[in-house]
Amino acid sequence: MNLSKEKITDLIQQKGISQNELARLMNVAQGSLSNALSGRRSAGRKILSGLLSIFPKETAASLTIMERINKRREPI
Amino acid sequence: MNVKLTPNSRLVLEKRYLKKDQDKLLETPEDMFYRVAQVVAGVEERYGKRNTEIQSLTKAFYNLMANLEFMPNSPTLMNAGRDLGQLSACFVLPVEDSMEGIFDAIKNAAIIHKSGGGTGFSFSRLRPKNSTVRSTGGVASGPVSFMKVFNAATEAVKQGGTRRGANLGLLRVDHPDILEFIACKENNHEMTNFNISVGITREFMRALQEDKPYHLREPHTGSVVAQLSASEVFDKMMEHAWLNGEPGVVFLDAMNDGNPTPNVGEIETCNPCGEQPLLPNEACNLGSINLKLMVTKEGDGVGIDWERLRRVTRLAVHFLDNVIDANQYPLPDIEKTTKANRKIGLGVMGFADMLTILKLSYASEEAVQVAKKIMSFIQEEARKESERLAAERGVFPNYVGSIYEGVRKLRNATLTTIAPTGTISMICGVSSGVEPLFAVAYTKTVMDGTSLIEVNPTFENLAKDYGFYSEELMQNVVKQGTVRGLNDVPNWVQKIFITAQEIDPEWHVKIQAAFQTFTDNAVSKTINFPHTATKEEIAKAYLLAYELGCKGLTVYRDGSREEQVVTTGTTKAKLTHCPECGAELNHESGCVNCPNCAYSLCHIS
């Protein structure tokens, strides 16, 4: 799941905290949050449910970017 | 504390399940589970439970769902504690042989579809085409012609709601119009809201084995009106099943052997996905245990967590029995029949995921044994809980005269069903029902065009544990979707991560049969064939299913529906890809499911 970096940066600013403080509030490693925000890693259940508990007005849809699955299968 | 849902399941819940006002969400997934738990535990009041007891049961039900150990069928999650209040997924409606009877059934189906249920019909009671209509002196138009009216009505209703109505239309193999019925979905544009199944009888199977003709019977009197060659009719069925998977079959005698209340009525058909045989005007609510969680460390390895499975099974049966009382039924007749038998259908999901954790291949005798062991355990524990509830609240009202009279005092006439678990298995992030894995890895394309890899987590962990993990390997797995033939992957790992297409149809049938042996109702499963499969291979699977005591069978030959198009609103998509999000669709448990957004289509055009 890809996070919307813009949206989350906005929320962090509104709350007046730093990204590292956010990670601490969410109880996740700073690196995990930073990887998810930069798109290097897909955001897992811990990151998303953490964000939702800190920003209860948001939804999974509002924090992520639409994506689609492609099941790749070549003839066997 | 937030429920540990995967990001994808949160999106699915937001899109399809949570209370909304316009676009604004009015509840979180946690609120939803609490809403459901409260309503389902709340009925204990009528059994004289005190407030504190109800509260602790609410908490237990909440944890059961929030831990993703058990999930009830979708209508329960969506509708509990809301205006509609309709909590069942499966219905069977009678179709009487009269103008009033036929149109009553259409009206009742529309009411059920509106509430998110699926309906099964048997058209076997209708008089054949060209028989006389006494009151008008005209001729009857026959079952297939009336099915078109049902189809059109469903089409009209589905435009109103968010979920489409799913129908199963069944005709007995000894109905005089059987050949017309078998061919009625040849044209992809007709009967788009129906799955069709032929109701097979023992008489027919005997005639087929002996290569003899069998009798066609007038539905009212049962008198013989003609005969057909059993092997020719079977051939026609196989031809059409090969072509686009329809018709499926239902083994009527096997279903009636399992009918707990033969004194009350005969089972004529089942619900759209084939897992729930019911009497006319009967409903059933289902729920599934998440097997992926029912494992535990055992010495150096991993084993099945029987204690946890016992606890979850008992609580789930209690939950489902309560749902019968909490339910708001769409029709008084349905309420009456349902409450007289109190059938529930507890099943499983995540079976394929569990096998990978246990390091077993789906296509193996060990997997068949695990299936039997698990399901016999669940069946027995479910019956014990039903006995406990019966001691407290009484046996089901039709107990006298049922197969259980004097044998076992149960609260519920049936306890177990293996349902297709399309959306609820997505909520839990596990493989659906008792289906195998569909792929070991996916790519996800984000809107700006970047791609993300999603590898099956059990596979990734195993690769790391056994030291064959590399970024390059993961890329190769993604490219191929499976791990078969990859040099870096040890043979035994290739066997564990075998996917639906690679599994010999015989193993699909054997797994279905293993679960069926210990399931009161039926098992919903699709037997996947490669595109190159022949009609004879498909026939072999049907015969094996009959021999092994399955109650029905659904097949899908890969690519055989690719030319078919599904329409949602104004969007049209080929049946290979989801019309709502564009992801590739899976054909499983008699339905088409989107692994991305939980779009599901159980009537296949």
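Visitor: How far apart are the end C-alpha atoms of residues 4-85 of chain B?
Guide: They lie 27 Å apart, in a span that is 56% helix and 9% strand. Helices (H or I, at least four residues) and strands (E, at least two) are DSSP runs, numbered from the N terminus. This is a predicted model: local features need pLDDT of at least 70, side-chain atom pairs count only at pLDDT 80 or more, and totals for chains, interfaces and linings use all residues. Residues are numbered from 1 along each chain as its sequence is written, chains are lettered from A and ligands numbered from 1 in the order in which they are written, and side-chain values use heavy atoms, with hydrogens and water left out.

Visitor: What does UniProt list for residues 4-85 of chain B?
Guide: The unreviewed entry gives "domain: Ribonucleotide reductase large subunit N-terminal". UniProt positions are in the numbering used here, feature names are shortened, and annotations may be inferred rather than shown by experiment.

Visitor: At what angle do helix 2 and helix 11 of chain B pack?
Guide: Helix 2 (residues 29-42) and helix 11 (residues 306-326) of chain B pack at about 80°, with their axes 8 Å apart. Axes are lines fitted to C-alpha atoms, for helices over the stretch in contact, and angles run from 0 to 180 degrees between N-to-C directions. Helix 2 and helix 11 of chain B are therefore roughly perpendicular (under 35 degrees counts as roughly parallel, over 145 as roughly antiparallel, 65 to 115 as roughly perpendicular, the rest as oblique).

Visitor: Which residues make the contact?
Guide: From helix 2 of chain B, Val36(B), Val39(B), Val40(B) and Ala41(B); from helix 11 of chain B, Phe319(B), Asn322(B), Val323(B) and Ala326(B). Contact means heavy atoms within 4.5 Å.

Visitor: And how many of those are nonpolar, polar or charged?
Guide: The contact of helix 2 with helix 11 of chain B has seven nonpolar, one polar and no charged residues. Ala, Val, Leu, Ile, Met, Phe, Trp, Tyr, Cys and Pro count as nonpolar, Asp, Glu, Lys and Arg as charged, and the others, Gly among them, as polar.

Visitor: Switching to Ser425(B): buried or exposed?
Guide: Ser425(B) is buried, at 2% relative accessible area (buried is under 20%, exposed over 50%, partly exposed in between, with a 1.4 Å probe and protein chains only). Ser425(B) sits in helix 15 (residues 422-428) of chain B.

Visitor: What does Ser425(B) touch?
Guide: Leaving out residues up to four places away in sequence, Ser425(B) touches Met349(B), Val430(B), Ser431(B) and Ser432(B). Val348(B) is 77 residues from Ser425(B) in sequence and 9.6 Å away, C-alpha to C-alpha.

Visitor: What is phi for Arg342(B)?
Guide: Near 50°, a positive value in a residue other than glycine. Arg342(B) is in the loop between helix 12 (332-341) and strand 16 (344-349) of chain B, and counts as buried at 4% relative accessibility. Lys359(B), not a glycine either, has a positive phi of about 60°. Lys359(B) lies in the loop between helix 13 (351-357) and helix 14 (365-393) of chain B, and is partly exposed at 34%.

Visitor: Which peptide bond is cis?
Guide: The bond from Glu246(B) to Pro247(B) is cis, with omega near 5°. Pro247(B) is in the loop between helix 9 (230-244) and strand 10 (248-251) of chain B.

Visitor: Chain A, then. How many helices and strands?
Guide: Chain A has five helices and one strand, in the order α-α-α-α-α-β. Of its 76 residues, 42% are buried.
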